[in-house]
Structure formats: structure tokens, C-alpha cells
Amino acid sequence: LRLGHKVIVITHAYKCADNEYSDEDDTTIRQKSKRSGVRYLPGGLKVYYCPFLPMVDEDCMPTFTVSFPLLRWIFIREAIDIVHSHQATSTLANEAVTYAAEMGLGSIYTDHSLFGFDDIASVILNRVQKVTMSTVGAVICVSHTCRDNFILRAKLPPSAVHVIPNAVDPAKFTPDTTKRDKNRIKVVVVSRLVYRKGVDLLVGIIPIICKAFPHVDFVIGGDGNKKLALEEMVERERLQDRVEFLGFVPSGSVRDTLIRGHVFLNCSLTESFCIAILEAASAGLYVVSTNVGGVPEVLPPDMIHLSDPNIDSLVEGLSIAIAEKIDLVNPYEFHQRINEIYSWHRVARETELVYSDVFEKPRLSFLQRLARYKTVGGVAGYVACILAVTLHFVVLLVQWWQ
């Protein structure tokens, strides 16, 4: 928007709990808010909350063509030139990219996650993405590891896949050493408490570190189905006075949680980028993290200790950080370096270059799109072509109707 472009957001209507801390009593206030219709957010951003039915994890139910009339109406009404979709598991994103090709619009997809090749869910998702990405103009990945993973999954030419790392707003994550405990060291963990975030590793790490370092406490922010395992461990090891559970932490309160600590611990089993460690470093914390996915690309070596994703390696890394590293850390120098390295303005500029490249590319004809769908595979290629022909006739019908 600040670069002079028009941007709109299309998502599904939903109910959510808006969480924020009250200035008076510092307690969590949850207010139910139904988002539907059209809303204008601060800065002039226009958001369409469409009446699509969500399923699991706020993903829309696959519609194939049911969502097309509404999306086509929005694209024409807003004079859209480029459709930019995010997230592999979003059915709305995959459908929007396909519709854009049918309407002769430029399309871009941004991938934020890593997926495997051996489990049934990943195999199905990879095949779906290979179909929907066949006609995309360009792809943006948040790390080089993510790019390599995506190229293998979607079978796209490497020249069409770009790397634009995420960023952080340093002004929202400034250090404040006065909030730290002067007598004790705090290890901060802020994440969803689920298997993929390595909570099982955290269950094994905490008792060992608490026994080895009597002056170290843990602050854990987040919620999830693995929180019970952590609570049971705390009860079993009698660490109630050493481990503090904050529960769900609103985005506006993450910085207040981070500045209480000296070390940030990330136990993720898979990450394509991990913006959490970037926020922690900006707030002046030394980072200990698992050496997985795109994590090694995020921070300079002197700001992070990388460990193998197992308990012994993480305990060793955290012990080194507590005993040797935190006394050498200058939180304000960390913040300044993150401010120099990462910038959302740079992300916007690089994204704008990808937009310009896609906008200037010639659009694929119907026969060219069919040829690309055919490359998906043997039987799958024919199925993709049949679906593409069906969609093409639906598009012609909707054009006549609207």
C-alpha cells in the first residue's frame, strides 16, 4: 500500500476470540467477534470476509467451482491484475490461483511450510499442489530450504521460484533489561504447544536444566494439545516454582513476555523460517534452537546456538548459553543488528519486483494450460485435464450469467 499499489484481502467469514490485555488489571479479555462482509482495516486495507464454510484449522471446504462466481465478481469489481495466494493447505488459495489462470490474471503463490514425501497426507497435498501450481506465474518461498522442498514437491522450474525471507518490525520488539530478574536467569519459550514444535523434547529438557542450574527458571507461553504433558512433568518433578505457564499469549503481548528472559528456546522439529527466533533476537535474547529446516538461515552464528533435535544436544546447547553466552550478549546491539538485516520494506520491494515480472509475462492459452496439466503424471494428468475442461466450461457459463 505504501508503495502506491492497491491491495485487497479475500478470506472466509469466521468467528474468533479477540484477545487483549486490559491496562487496568492486566487480565485477558476475550470478546466474540463475527467477521463477515467487507471491512476496511487501518491503513486503507480492504478485506472481503466471504461466506465460505471452514473445516479444520480454519481451512475452507473444497468447492471446486462453487467459490468462482463470487471470486470472479471481486476480481472484476476491484480491477485485480495479480492474485497472490498463501499457504499450501489453504483450499481457497489453491482455487484462487487456478481461477486466476482461467481469467487471464497473473498469479503468485507464497509457500511458508515444509512438507514430506512419505506420509499419505503429504503425498496427496504434493499431488494437488503439482496440479494447482502448473499455471502459476511465480512462487515465493521464505527460505532456501523451503525453496528446495517446494521445487521437489511441485516439480516447477527453479527459475520460477524466488526466495524472499520474512522480516520483523523491530520497533515492536525492543529490549528492556529493567524487566529482567536480577538474581535468576529466565529461559523463555513462546510457541504453540503441539508435537511439531518439539514439546516432547521440552518435557525432557526442563528437569535436566533445573537440576543442573538452580538459578534458572522457565517461562512458557502458548497453548495446545501437548500442554498437559508439560504440566504433568512439572507436577512429577515438583517444579511448580521453577516453571511458569502463561497460556495463550496475544500477539501484542509477545514482546512483554520476551523481555523477561535471557535465553529463548526453540525446540521445533520442522521450520521453514521460524520468525519467533527473529523476534526474540530483536528483543535482545540469545537463541538456542534445533538445527532444522530454514532455521540456520535466520540469524548470524554469534546470535544463535544450533543443536540437533534431541534432548542431549539441546541440553548441551542451553547449558552453554546459560554458562557462557548470556553474559556476553548486548541486547541493544542485537536489536540494532536485526534492524539493519531485516525490513518489511525490503520484503515489499522484492515482492514488487516479482509482481512486475509476472505482470509482464504473456498469459497461457487454454491449450497451453492443458499441456501443463498433462505433465502432472499418467492418470493424474488426464484427471487434471478433465477437471480443467470442466472448469473452463463453468467459467464460460458464469461469464454469460454475470
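1. A residue is called buried when its relative accessible area is under 20%. By that cut-off D111 is buried, and R153 is buried too. The structure is a predicted model, and the points below should be read with that in mind.

2. D111 and R153 are also partners: their side chains meet in a salt bridge, with 2.9 Å from N to O.

3. The salt bridges in the model number 15. Another of them joins the side chains of E78 and K6, at 2.7 Å from N to O. E78 belongs to the loop between α1 and β6 (82-86), while K6 belongs to the segment before β1 (8-12), so this bridge ties together parts that are 72 residues apart in sequence.

4. K6 has a relative accessible area of 55%, so K6 is exposed.

5. R236 and E237 form a salt bridge in which the closest N and O atoms are 3.9 Å apart; the cut-off for a salt bridge is within 4 Å. R236 is exposed because its relative accessible area is 54%. E237, at 38% relative accessibility, counts as partly exposed.

6. Salt bridges also link R184, K186, D217 and R242 in a network.

7. Which residues gather in a patch of negative charge on the surface? They are D223, E231, E232 and E235. Of these, E231 has its place in helix α6 (residues 227-237). Its relative accessibility is 31%, so E231 counts as partly exposed. The patch rule asks for over 30% relative accessible area and no salt bridge.

8. On the aromatic side, the count comes to three pairs. One of them is F68 with Y99, an edge-to-face pair with 5.1 Å centre to centre and 70° between the planes. F68 is in helix α1 (residues 68-77) and Y99 in helix α2 (residues 91-102), 31 residues apart, and the pair links these distant parts of the chain.

Conventions
Residues are numbered from 1 along each chain as its sequence is written. This is a predicted model: local features need pLDDT of at least 70, side-chain atom pairs count only at pLDDT 80 or more; totals for chains, interfaces and linings use all residues. Side-chain values use heavy atoms; hydrogens and water are left out. Patches are made of residues with over 30% relative accessible area and no salt bridge: like charges are joined within 9 Å, nonpolar side chains (Val, Leu, Ile, Met, Phe, Trp, Tyr) within 5 Å. Accessible areas come from the Shrake-Rupley method with a 1.4 Å probe; for residues, only the protein chains shown count as cover. Lys and Arg count as positive and Asp and Glu as negative; His and the chain ends are not counted. The place of a charge is taken as NZ of Lys, CZ of Arg, CG of Asp or CD of Glu. Helices (H or I, at least four residues) and strands (E, at least two) are DSSP runs, numbered from the N terminus. Buried means under 20% relative accessible area, exposed over 50%, partly exposed in between (1.4 Å probe, protein chains only). Rings of Phe, Tyr and Trp (its six-membered ring) pair if their centres lie within 6.5 Å; planes under 30 degrees apart count as stacked, over 60 as edge-to-face and the rest as tilted.
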